[in-house]
Amino acid sequence: NPDKVVPIASVSKLYTALVVRHLSDQNKSVVITQSMLDAYGESGGLMLGEKFMPNDLMYSLLLVSSNDAAEAFAQSFGFNDFMYNMNGFAKEIGMHNTFFKDPSGLSPQNVSSANDLFALSKYLYTSEKSILDISKTPVMDLATTTDHGYHHYVNINPFAKYSYFSGGKTGRTNEAK
């Protein structure tokens, strides 16, 4: 059933990373606010007031699947505009059975099909390989631009340990199984 539409959980974060690359000023830092930290989970270990360059915050998003990082990206751009652009760009690259309600994948309304996810994979591989490179990084120590020290991220993707892994993202919610 390659066109069957199902919830995609944190696989959404790959697409969030793609939209960040296209929309965000890569030279403007993202400041972590309380509303960003209110997202479910604490996997990124982000702290109130920390500042990150967008490319650095990608490691939290893709290695440890930080919902806070996903929210930080969306809110720093303007949540509604970010979601509008996520959905619009999905259609532009041929993902016609895909819809995003949030940037993290917590919503069961983030849906796609196998064919659409294959289109995303092809696009990332041919046009945005640096996102896949981040997603396959085994370990990353990242200093913040504030006095909060650093973060130690260990990739939670079970495939990241294999040399033939080209990059990607896993995800799991009850709805996505």
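Select helix α1, residues 12-23, in this predicted model, and you will find that the helix is mostly covered, with 10 of its 12 residues buried. The buried residues run through Ser12, Lys13, Leu14, Tyr15, Thr16, Ala17, Leu18, Val19, Val20 and Arg21. From its first C-alpha to its last, α1 reaches 16 Å, which is close to the 16 Å expected at 1.5 Å a residue.

Next, pick out arginine 21, which lies in α1, and show its side chain. Which side chain of opposite charge is nearest to arginine 21? That side chain belongs to glutamate 128, and it is 4.2 Å away, so that arginine 21, although buried, has no salt bridge, the cut-off for one being within 4 Å. Arginine 21 does have a polar contact of 2.5 Å, which joins its side chain to that of serine 130. If you leave aside residues up to four places away in sequence, arginine 21 touches Gln26, Asn55, Met58, Glu128, Ser130, Ile131 and Ile134.

For the last stop, move to aspartate 38, in the loop between α2 (34-37) and β3 (51-52). Is aspartate 38 buried or exposed? Aspartate 38 counts as exposed because its relative accessibility is 55%, and the cut-off for exposed is over 50%. Its side chain is joined to that of glutamine 34 by a polar contact of 2.9 Å. Finally, select isoleucine 93 as well: this residue is 55 residues from aspartate 38 along the chain, and their C-alpha atoms are separated by 32 Å.

Conventions. Residues are numbered from 1 along each chain as its sequence is written. This is a predicted model: local features need pLDDT of at least 70, side-chain atom pairs count only at pLDDT 80 or more; totals for chains, interfaces and linings use all residues. Side-chain values use heavy atoms; hydrogens and water are left out. Helices (H or I, at least four residues) and strands (E, at least two) are DSSP runs, numbered from the N terminus. Buried means under 20% relative accessible area, exposed over 50%, partly exposed in between (1.4 Å probe, protein chains only). Lys and Arg count as positive and Asp and Glu as negative; His and the chain ends are not counted. A polar contact is a pair of N or O atoms within 3.5 Å; within protein, one must be able to donate a hydrogen and the other to accept it, and residues adjacent in sequence count only if both atoms are side-chain atoms. Contact means heavy atoms within 4.5 Å. The expected span of a helix is 1.5 Å times one less than its number of residues.
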